Amino acid sequence: MSIPAEPPRVLLVEDDSEIAALISQALAERGFVCRAVACSTEMDEYLGREGADLILLDLMLPGEDGIGICRRLRGLSNRPIVMLTASDEDIDRILALELGADDYITKPFNPRELAARLRTILRRCGSADPTEPRRPRSYGFAGWTLDAGRRLLSDPDGIGIALTSAEFDVIFALCLNAGRVLSREQLLELTYGGAAGPVERTVDVHVSRIRQKIEPDPRQPTLIKTVRLGGYLFTPTVVAR
Amino acid sequence: MRLGLKRALPRTTTMQVVAVVVLAVVVGVLATAITLTAVAGSARMRMNPDVKAASEAARIAIVAHMVADAPSNAAAAELVEGAQSTAGSVALVASRNAPPPARPSAFTQRVVEHLRADWRLQPAIVGSDTVSIFATPDRLLIFQESEFQTLRTFLTFQASVSLVLIFCVVCALAFYAVRWITRPLATIANAAHAFARSPDDDSPLKDVGPAEIRQLATAFSTMRDRTRQLIHDRGQMMAAISHDMRTPLTRLRLRADRAAPDDDRAAMLADITVMEDMIREALTYLRDGRAVEPPQTIDLPALLRTICDQAQDLGHCVNYGGPARLAYCGQPNALQRAISNVVDNATKYGDAVVVTLESERDATRIVVVDDGPGIPAALRERVFEPFFKIGGARTARGFGLGLSIARDIVERHHGMIELQDHHPRGLSVRITLLANSNQ
């Protein structure tokens with residue numbers, strides 16, 4: 001969960017050279033080291049020589065398209081992959097997430113949000129076991145199921161509970177750190193740094209909203225407990241599947 | 001009277017053609033019968049009635065003698081059978097079954113006179129067209145004499161038989177022939193329905209039936225192909241909007257983001273957001289016909305709370321009221337879009353918006369209430385039209401598709417959406433969905 005000492009290296013695979021340049025600059029200004037390549041062959045070449053901490057992948061590419069690359073890369077390593085695309089069709093998003101992308105961003109996007117999300121994903125993946133070949137697709141706790149791939153939460157009866165993107169990230173972060181007290185700052189770091197929405201909301205607001213939806217009695221929370229001196233504790237045992 | 005007649009007329013082509021043919025046959029047979037009657041009648045007129053009466057009297061006399069001389073009752077019965085002729089019928093009955101006497105017709109009178117004059121036979125009883133003679137003291141021979149009776153027998157018998165036979169044959173043939181015409185029509189109708197259900201089914205229409213029907217089938221196939229092409233082209237346009245328009249917008253946004261923070265930058269970013277929203281709205285509208293989101297059981301209060309929270313995050317005052325948990329099976333993303341659109345509208349015109357959820361036995365109701373100016377009754381249907389904006393506002397955000405998208409989605413869930421006045425002021429949008437039959 002610690003911030004990496006060196007700036008994170010992002011490899012951007014995008015065939016529109018102007019956009020590639022603009023994204024690289026935007027990320028560089030926010031503390032990343034970003035290299036851009038235009039297609040999958042160049043990407044393979046680059047990854048062979050250098051390395052990258054995260055791959056930012058456009059969906060529409062000449063030759064092998066984003067979906068194919070994602071599937072291939074996921075088989076090779078645990079490196080986080082974020083899809084970038086102009087399509088916001090549900091089917092494309094679900095397919096990408098099912099094939100192993102860690103997140104999905106539609107163009108046009110706010111560069112501040114892009115940077116925050118990349119940082120969050122790097123933090124989240126940083127705490128995972130790098131030798132683990134497959135990151136778990138879903139997590140179970142107290143009968144609930146959190147599908148990390150499709151970003152869905154279902155209750156013990158299988159009923160889907162709608163969550164905003166930020167709320168999902170909060171409960172995901174809590175899941176990954178079950179049994180450990182997370183301070184508000186730590187939770188903020190793990191969830192876009194609050195940069196997801198137009199209005200920054202405190203972690204408290206997100207937790208309170210999540211409690212409304214998942215706690216049997218929101219006024220006496222049992223799943224997400226408030227710890228004195230500022231922090232939250234996710235109490236149930238979490239099983240990764 | 002006219003209305004009653006209309007309702008009695010047959011509706012289908014089959015029944016109409018059968019009715020016409022049967023009517024033709026019946027009229028034909030009747031016309032034949034009437035013509036024959038007239039012809040035969042006139043022919044009979046030419047015959048001298050007196051000569052006819054004399055020959056009838058002769059016949060009666062001969063038959064009466066033969067029966068009287070018959071050796072046995074059986075023989076007499078046989079003779080009577082043999083004596084039936086086209087001229088008239090003969091019956092042998094017991095005396096107690098004698099017909100009552102009556103005033104004889106002119107022809108019968110002549111026959112009786114000839115019997116007396118030429119044959120010295122006195123009939124026992126004379127009826128209007130019958131002459132009865134004792135065969136034996138207890139048996140009576142009744143002769144039916146009528147000029148027209150024979151023809152009547154012939155016509156009645158022949159006409160009835162032929163009418164029934166022809167009726168059956170014609171019905172069968174007509175049914176078969178008409179089915180040959182109408183079955184291709186039914187096939188075309190089915191193909192039209194199938195096209196609505198699965199537009200990609202390319203099975204060709206069979207080329208059978210009469211020439212006009214084949215023309216219709218060909219025209220339908222052409223139209224189906226053209227419609228499919230239109231749908232395909234629309235899909236292409238969607239891809240174009242999606243990719244080709246969003247790419248330059250991405251560059252714009254990235255560049256605007258790097259500009260010096262000032263009023264221009266804020267204005268540029270705001271306009272870029274407007275354009276993004278419009279593209280998303282248009283794509284949603286274009287895409288909606290092909291919606292393939294699988295239904296899922298979701299918690300409606302969680303969905304409504306999420307929508308309210310997102311609106312609050314944008315600075316609006318939107319709150320949820322209702323049960324803590326309610327399961328519902330539907331398309332989650334579509335429902336979220338529909339209700340978000342309604343809430344969006346509400347926040348545009350009002351300050352405080354409340355979203356409530358009510359669950360009844362067979363319906364689930366979501367009500368979005370705002371305290372804005374409301375919508376006049378005259379415009380309540382029009383606001384659901386695509387691209388319609390109140391006040392003709394070209395300045396308002398978006399294309400004006402929000403409510404029409406919402407209604408499409410609600411109706412896809414077999415529900416309905418209504419606009420009503422809210423008291424003391426504002427608009428109440430009521431979305432009624434059928435309650436599912438699950439827990």
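**Close-up views of a predicted model**

**View 1. A salt bridge inside chain A.** In this close-up, the side chains of Lys107(A) and Asp58(A) come together in a salt bridge, with 3.3 Å from N to O. The two residues belong to distant parts of the chain, 49 residues apart. Lys107(A) sits in the loop between β5 (103-106) and α5 (111-126) of chain A, while Asp58(A) lies in strand β3 (residues 54-58) of chain A. Side chains of opposite charge can pair when their charged atoms come close. Keep in mind that everything shown here comes from a predicted model. Over all chains, the structure holds 30 salt bridges.

**View 2. A three-stranded sheet in chain A.** Here we look at an open sheet of three strands, in the order β10-β12-β11 (chain A), and the pairing is antiparallel. Which strands sit at the edges? They are β10 (181-182) and β11 (224-227) of chain A, each of which pairs on one side only. Zoom in on β10(A) and you'll find that it pairs with strand β12 (residues 231-234) of chain A in the antiparallel sense, over two bridges.

**View 3. Where chain A meets chain B.** Now for the contact between the chains: 38 residues of chain A touch 33 residues of chain B. About 3,200 Å² is buried between chain A and chain B, and carbon and sulfur atoms give 53% of that area. Between the two chains there are six salt bridges. One to look for joins Arg209(A) to Asp309(B), where the closest N and O atoms are 3.3 Å apart. There are also 13 residue pairs in polar contact between chain A and chain B, counting pairs with both residues at pLDDT 80 or more.

**View 4. Chain A's side of the contact.** What does chain A bring to the side that touches chain B? α1 (17-28), α4 (90-98), β9 (160-161) and α8 of chain A each supply at least two residues. α1(A) gives the most, with five residues. Sorted by class, this side of chain A has 17 nonpolar, seven polar and 14 charged residues.

Terms used
Residues are numbered from 1 along each chain as its sequence is written. Chains are lettered from A and ligands numbered from 1 in the order in which they are written. This is a predicted model: local features need pLDDT of at least 70, side-chain atom pairs count only at pLDDT 80 or more; totals for chains, interfaces and linings use all residues. Side-chain values use heavy atoms; hydrogens and water are left out. Two strands pair if DSSP finds at least two bridges between them. Helices (H or I, at least four residues) and strands (E, at least two) are DSSP runs, numbered from the N terminus. Contact means heavy atoms within 4.5 Å. Buried area is the accessible area (1.4 Å probe) that two parts lose on being put together, summed over both. A salt bridge is a side-chain nitrogen of Lys or Arg within 4 Å of a carboxyl oxygen of Asp or Glu. A polar contact is a pair of N or O atoms within 3.5 Å; within protein, one must be able to donate a hydrogen and the other to accept it, and residues adjacent in sequence count only if both atoms are side-chain atoms. Ala, Val, Leu, Ile, Met, Phe, Trp, Tyr, Cys and Pro count as nonpolar, Asp, Glu, Lys and Arg as charged, and the others, Gly among them, as polar.
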